[in-house]
Amino acid sequence: MATEFASCRNPTQRRGYVLLIVLAVSVLVVTVLSTLAQTSLRRGLQAADAERNLQQRWGGETLQEALLLNASKVFSAQEERTAELTPGVPPPPTIRDAITLSGVTFDLLLGDEDAKLNLNTVYHQSGRMKTEQVLAEVQPRLARAIRLVPAVKPLQRSRESRPGTDQDRTDQDQPSEQSQGAPRALRSWGEVFDMGQLQRDLASEAALPTVTTGITCWGGGQLNFRRATDDAILAVAASVVQDGAARRLVQRYRQNPTVGVNTLLQTEVSNQQNREQLARLFSQSSNNFSLWINASASDGQSWRRFVVMSRDDEGVIRYEQFQH
């Protein structure tokens, strides 16, 4: 009797064990599949990120090469159009555009660095305090964030600190020959602005290219007289001559914008040493250009790059790049 009862239980127990094993295997399979799905999803997202980054970088590299190498022609064409449409008004030192490639939008800001106010030129001509003052005047929106941290001392004293007037200065008080060969004291915006304060004032780091279109830490040191704004010309000229003489220089040029800079200096600046110094600070051509690139994808991810292209007198091209 007991034997018969035991024999009846064994099949049930075996079925219970089988059920437990099936459940355990099912749980294991589900766990493995879930892990595989998560791994697959993660790798898919990584692949998508890699593809997007590749598109951003490839597109940025392509646009950089195409635009910077042709920047001189682009700005020359813009200068001609501006002269026809608005005579006497300088063309803007930057050109903004946007293009979408493979789902990535590239916001572009092409700049003529030699048409902007070069802060290194002002610094070496006039010193740190005067540079801060000039910068606050031409960029009042950024005044609270100005914090110059130059890498080297200025090469000469401020005009205001020199004794005498333009007519009675001695040779010892005259500026030394520098500008193009001057060491770069301000090498990036981090040495010009308190970046934390600047970001708070602008509310967005991406706004930096827009609010700095008229100033530069790069370029060759000479200001392209034909393309520069009145404020830029005044700031550079006032580092050598009195403010009134600097204003008359700009006024005479706007009255006759076809006159060459050397001819203008010859007629408007009587002091030979001042005239020679201004001739070293001004030019009528541009060899240094820049490009801001902001590549943004549909998922909100962005990639930014700032590139400066310079070309020396021998035609050798050099690139300086900032990326984040």
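1. A crossing of two helices is called right-handed when the near helix is turned clockwise from the far one by less than a right angle, and left-handed when the turn is anticlockwise. The model to which this convention is applied below is a predicted one.

2. As an overall description, the secondary structure of the chain comprises ten helices and nine strands. The chain has 324 residues, of which 39% count as buried, and it exposes about 17,800 Å², with carbon and sulfur atoms supplying 54% of that area. When contacts between residues at least 6 apart in sequence are considered, 67% of them join residues at least 24 apart.

3. The pairing of H7 with H8 deserves attention at the outset. Helix H7, residues 230-237, packs with H8 at an angle of about 140 degrees, and their axes are 8 Å apart. Angles over 145 degrees would count as roughly antiparallel, and H7 and H8 are therefore oblique to each other. In the sense given in the opening point, H7 passes H8 in a right-handed crossing.

4. On the side of H7, this contact is made by Asp-230, Ile-233, Leu-234 and Ala-237, which meet Ala-246, Arg-247, Leu-249, Val-250 and Arg-254 in H8. Sorted by class, the contact of H7 with H8 has six nonpolar residues and three charged ones, with no polar residues.

5. Which residues does H8 use to meet H9? Leu-249, Arg-252 and Tyr-253 in H8 meet Leu-264, Leu-265 and Glu-268 in H9; by class, the contact of H8 with H9 has four nonpolar and two charged residues, and again no polar ones.

6. The pairing of H9 with helix H10, residues 272-281, has an angle of about 160 degrees, with the axes 10 Å apart. That angle makes H9 roughly antiparallel to H10, and H9 passes H10 in a right-handed crossing. The contact is made by Asn-262, Leu-265 and Gln-266 of H9 together with Arg-275, Leu-278 and Ala-279 of H10, and by class it has three nonpolar, two polar and one charged residues.

7. Is Thr-131 buried or exposed? Thr-131, which is placed in helix H4, residues 128-138, has a relative accessible area of 1% and is therefore buried. Leaving aside its neighbours within four places in sequence, Thr-131 is in contact with Leu-119, Val-122, Tyr-123 and Leu-148.

8. Ala-83, which lies in helix H2, residues 71-85, has a relative accessibility of 46% and so counts as partly exposed. Ala-83 and Pro-257 are separated by 174 residues in sequence, while the distance between their C-alpha atoms is 9.3 Å.

Terms used: Residues numbered from 1 in each chain as written. Predicted model: local features only at pLDDT ≥ 70, side-chain atom pairs only at ≥ 80, totals over all residues. Heavy atoms only, no water. Contact = heavy atoms within 4.5 Å. Helix = DSSP H or I, 4+ residues; strand = E, 2+ residues; numbered from the N terminus. Nonpolar A, V, L, I, M, F, W, Y, C, P; charged D, E, K, R; others polar. Buried < 20%, exposed > 50% of the residue type's maximum accessible area, 1.4 Å probe, protein only. Areas by Shrake-Rupley, 256 points an atom, 1.4 Å probe, with all protein chains shown as cover. Axes fitted to C-alpha atoms, helices over the stretch in contact; angles between N-to-C directions. Parallel < 35°, antiparallel > 145°, perpendicular 65-115°, else oblique.
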